[in-house]
Amino acid sequence: YAPIRKKRYNAASTIAAMDTEGIDEAVMFRTFASMFLSIDCLSGDIATDYCAAFNNWLAEFCSVDTQRMKPAALLPLQDVQLCVHEARRAVNELGAVALVFSNHPVNERQWYDTYYDPLWAEAEKLNTPIAFHGIQNAYQQHLGRRFIDNFAMAHACGHPIEQMLAMGSLLTGGVFERFTGLRAAFLEASCSWAPAWLWNLDERVEKFADNAQFKLTRSPTETFQEHCWLACLPEESVLNHTIPALGDDNLVISTDWPHDDSAYPKAIETFLSIEGVSEDSKRKILWDNCSKLYSL
């Protein structure tokens, strides 16, 4: 990272890192930026101004090479109407290819709360996926707070388990029944938990679903297969057990660059070396599924 740090992680150093990894196109996500939004009582106006400033900066960053770098817009969930306006602006004016949230509740609203319906409707209209890209801790309701003195545990639950809850909320809460064109991605949290989690959701929906409230017509697994994508990690060696149970049509990849726990500069090489995963599956994960998710 030393040469990259000297360039202060600018766009040129990002392109150079992509060249090192052999990555042709990348969607740019944030994590540190979302920390500023992880306060429930933040006013909608302040949250929106912050997101707009960040989205402007990210679009300018990606403008160095718009073919290779695609922005993912950060959105203010403290006010859903302002959120809809910023989503529309980010896609139509800034070229954002995804609408990004963290994976934990804001103001204790579950993801299936109808409060968010205007946002899901706008994402569907824009034909732009929503993307949950977690952080390991937040001021809001977040599992990482239970392990504030144990970073390994905070990270282990703050990413995959919070993603499990976000995905489960959408699948069991009828969101995809109401918005049949909506696409959702769950990123930087591994994917090998998904088969067991989907089985659990299927079982609970079959036995306990509140169909009067959520009007579910499909199992969570069936809905997942049509609407959801998960990012595997380059070093996720158990992928060779996950794909037989989950399939390979709903998987993409995150390198997590430039975080210091990334496998850079050998993230893609590490992924390609996973044993027991076919060349066809690797091609889908590296390109075909990503292209479908982001409509590239």
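Reader: Is Ala 123 buried or exposed?
Author: In this predicted model, Ala 123 is found in helix α6, residues 117–126. Its relative accessible area is 1%. Buried means under 20%, so Ala 123 counts as buried.

Reader: Which residues is Ala 123 in contact with, leaving aside its neighbours within four places in sequence?
Author: Contact here means heavy atoms within 4.5 Å. With the neighbours within four places set aside, the contacts of Ala 123 are Leu 99, Thr 128, Ile 130 and Leu 182.

Reader: How far apart in space are Ala 123 and Glu 279?
Author: In sequence, 156 residues separate Ala 123 and Glu 279. In space, C-alpha to C-alpha, the distance between Ala 123 and Glu 279 is 33 Å.

Reader: Which strands stand at the edges of the sheet?
Author: The open sheet has seven strands in the order β1-β2-β3-β4-β5-β6-β7, with parallel pairing. A strand at the edge has a single partner strand, so one of its sides is left without a neighbour in the sheet. The strands in that position are β1 (26–28) and β7 (251–253).

Reader: At roughly what angle do the axes of α8 and α10 cross?
Author: Helix α8 covers residues 160–172 and helix α10 residues 194–208. Residues of α8 including Met 164 and Leu 171 meet residues of α10, among them Trp 197 and Val 205. The crossing is right-handed. The axes come within 11 Å and cross at roughly 35°.

Notes
Residues numbered from 1 in each chain as written. Predicted model: local features only at pLDDT ≥ 70, side-chain atom pairs only at ≥ 80, totals over all residues. Heavy atoms only, no water. Axes fitted to C-alpha atoms, helices over the stretch in contact; angles between N-to-C directions. Helix = DSSP H or I, 4+ residues; strand = E, 2+ residues; numbered from the N terminus. Left-handed = near helix turned anticlockwise from the far one by under 90°. Pairing = 2+ DSSP bridges. Buried < 20%, exposed > 50% of the residue type's maximum accessible area, 1.4 Å probe, protein only.
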